[in-house]
Amino acid sequence: MDARRAVLATLLVASSCALGVDANDDRRISRDEWMKGHHSVSTYDWAKLHKLTDAEAATVFDAMDTDGGGMVLLNEWCDYLIRAEVRAGTATGQLLRKIP
């Protein structure tokens with residue numbers, strides 16, 4: 001795991017952002033888990049996750065599932081959030097951009 005993913009994963013665990021979405025705590029999120037639980041992360045101020053509708057959540061799942069395996073793995077989750085934060089120019093994105 002590269003440094004940016006490690007930092008983001010630590011932040012996510014610390015903030016409990018992913019808790020409640022990964023229903024069985026297997027470090028991956030199925031489409032069903034995501035569609036049932038995305039509301040639990042939509043209250044956080046993460047770019048592209050804030051106040052998602054169900055239709056937007058389905059699109060976000062597809063964008064996160066970069067290997068097309070039908071599950072969002074921890075590295076895919078982190079990579080998606082890193083890209084979203086950096087592209088949105090948030091304070092978190094600016095910090096993540098500086099980490100090699």
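Q: Which residues does arginine 5 touch, leaving aside those up to four places away in sequence?

A: Looking past the sequence neighbours shows how the chain folds back on itself. In this predicted model, arginine 5 touches Asn75, Cys78, Asp79 and Ile82, with residues up to four places away not counted. Arginine 5 itself sits in helix α1, which covers residues 3-15.

Q: How many residues apart along the chain are arginine 5 and asparagine 75, and what separates their C-alpha atoms?

A: Here two kinds of distance can be set side by side. Along the chain, arginine 5 and asparagine 75 are 70 residues apart, while 7.0 Å separates their C-alpha atoms. For the chain in general, take the contacts between residues at least 6 apart in sequence: 52% of them join residues at least 24 apart.

Q: Which residues of the largest nonpolar core have the most contacts inside it?

A: Let's begin with the general idea. In soluble globular proteins, nonpolar side chains tend to be buried together. In this structure, the largest nonpolar core has 19 residues, and those with the most contacts inside it are Leu8, Trp34, Leu49, Val60, Met64, Trp77 and Leu81. Helices α3 and α4 (74-88) each supply at least two residues of this core, and α4 gives the largest share, 6 residues. As for burial across the chain, 37% of its 100 residues count as buried.

Q: What span does α4 reach, and which of its residues are buried?

A: A helix can be read by its span and by the residues it hides. With 15 residues, α4 reaches 21 Å from its first C-alpha to its last, close to the 21 Å expected at 1.5 Å a residue. Its buried residues are Glu76, Trp77, Cys78, Tyr80, Leu81, Ile82, Ala84, Glu85 and Val86. Just after α4 comes glycine 89, which takes a positive phi of about 70 degrees.

Q: Which residues form the salt bridges, and how many does the structure hold?

A: Again, the general idea comes ahead of the case. Side chains of opposite charge can pair when their charged atoms come close. This structure holds 2 salt bridges. One joins arginine 31 to aspartate 62, with the closest N and O atoms 2.2 Å apart. Because arginine 31 lies in helix α2 and aspartate 62 in helix α3, this pair ties together parts that are 31 residues apart in sequence. Both partners are partly exposed: arginine 31 has a relative accessible area of 34%, and aspartate 62 one of 46%.

The other salt bridge links lysine 36 and aspartate 32, whose closest N and O atoms are 3.1 Å apart. Lysine 36 and aspartate 32 are 4 residues apart in helix α2, so about one helical turn separates them. Lysine 36 is exposed at 65% relative accessible area, whereas aspartate 32 is partly exposed at 47%.

Q: Is histidine 38 buried or exposed, and what joins its side chain to that of aspartate 54?

A: Histidine 38 lies in the loop between α2 (31-37) and α3 (54-64). Its relative accessibility is 0%, so histidine 38 counts as buried. A polar contact of 2.8 Å joins its side chain to that of aspartate 54.

A: The background is a rule about backbone angles. Most residues other than glycine have a negative phi, and most peptide bonds are trans. Lysine 48 is not a glycine, yet its phi is positive, about 70 degrees. Lysine 51, also not a glycine, has a positive phi of about 55 degrees. Lysine 48 lies in the loop between α2 and α3, and lysine 51 is in the loop between α2 and α3 as well. Lysine 48 counts as exposed at 57% relative accessibility, and lysine 51 is exposed with a relative accessible area of 63%.

Terms used:
Residues are numbered from 1 along each chain as its sequence is written. This is a predicted model: local features need pLDDT of at least 70, side-chain atom pairs count only at pLDDT 80 or more; totals for chains, interfaces and linings use all residues. Side-chain values use heavy atoms; hydrogens and water are left out. Buried means under 20% relative accessible area, exposed over 50%, partly exposed in between (1.4 Å probe, protein chains only). A polar contact is a pair of N or O atoms within 3.5 Å; within protein, one must be able to donate a hydrogen and the other to accept it, and residues adjacent in sequence count only if both atoms are side-chain atoms. Contact means heavy atoms within 4.5 Å. A nonpolar core is a set of buried Ala, Val, Leu, Ile, Met, Phe, Trp, Tyr and Cys residues joined through side-chain atoms within 4.5 Å. A salt bridge is a side-chain nitrogen of Lys or Arg within 4 Å of a carboxyl oxygen of Asp or Glu. The expected span of a helix is 1.5 Å times one less than its number of residues.
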